[in-house]
Amino acid sequence: LRQAILRGELKPGERLMELQLASKLGVSRTPIREAIRMLEQEGLAITIPRKGAEVARMTLKDMEDVLEVREALDELAARIACDKITREQLITLKKTKEEFVKSVEEGDIKKLAEADVRFHDVIYNSTDNTKLITLLNNLREQMYRYRVEYLKKAEVRPQLLAEHDEIIKYITEGNKEEAARVVTRHIENQALTVQDVIRKKS
């Protein structure tokens, strides 16, 4: 259910009918009810009295909250990566960037989002800070929703590619201030684009 919402297969405002979902997935209503409860805790679903649960609409407040936290954590991860990233991890980071370039050429949103996740995961894992990685993983699903909306805009992709190149450059050089600056701009650009998307859908 979570992935269906994040990938846009279940649209904002769409009812989450327990009986239909249980039948479709071949399970009882109990795990469906538990899944919906977890989605509510994550802000991906809401329950309306006498109507039941439905997919939550994206709001500016939710987006700003999520990306504000992501910006702070990503900036910290970039700074730590400047000191700790290994030669092998740098090679992997460059490979994931090339995967992202290929996905841009193919125009597959799902592959684009997954390649972007892998790119940032290399940076997170290079910190060797389990607490930081756990915090970022806890935000992963909520970040994914806004990441997909951002990547749907073809016009932002060249800028995003340039930012990935800059991030690699400054982490390779161990330039913490510039790496942090680019990462901050990277997230702010995403926020501006998604804000516009949410306003248009409101």
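**Charges and fold**

Modeller: Let me start with charge: the chain carries 37 positive and 36 negative side chains, with the centres of the two sets 5 Å apart. Lys and Arg count as positive and Asp and Glu as negative, leaving out His and the chain ends, and each charge is placed at NZ of Lys, CZ of Arg, CG of Asp or CD of Glu.

Colleague: Where does the model come from, and what went into the numbers?
Modeller: This is a predicted model, where local features need pLDDT of at least 70 and side-chain atom pairs count only at pLDDT 80 or more, while totals for chains, interfaces and linings use all residues. Residues are numbered from 1 along each chain as its sequence is written, and side-chain values use heavy atoms, without hydrogens and water.

Colleague: How many salt bridges does the structure hold?
Modeller: There are 21, counting a side-chain nitrogen of Lys or Arg within 4 Å of a carboxyl oxygen of Asp or Glu. One of them joins Arg 29 and Glu 18, at 3.4 Å from N to O. Arg 29 sits in helix α3 (residues 29–41) and Glu 18 in helix α2 (residues 18–25), so this pair ties together parts that are 11 residues apart in sequence.

Colleague: Which residues are linked in a network of salt bridges?
Modeller: Glu 18, Arg 29 and Arg 33.

Colleague: And Lys 61, what does it form a salt bridge with?
Modeller: Asp 65, with the closest N and O atoms 2.8 Å apart. Lys 61 is exposed at 51% relative accessible area, whereas Asp 65 is partly exposed at 33%. Here buried is under 20%, exposed over 50% and partly exposed in between, using a 1.4 Å probe and protein chains only.

Colleague: Switching topic, in what order do the elements run?
Modeller: From the N terminus, α-α-α-β-β-α-α-α-α-α-α, which makes 9 helices and 2 strands. Those are DSSP runs: helices are H or I with at least four residues, strands E with at least two.

Colleague: How much of the chain counts as buried?
Modeller: 43% of the 202 residues.

Colleague: What share of contacts comes from residues 24 or more positions apart?
Modeller: 72% of the contacts with a separation of 6 or more, a contact being heavy atoms within 4.5 Å.
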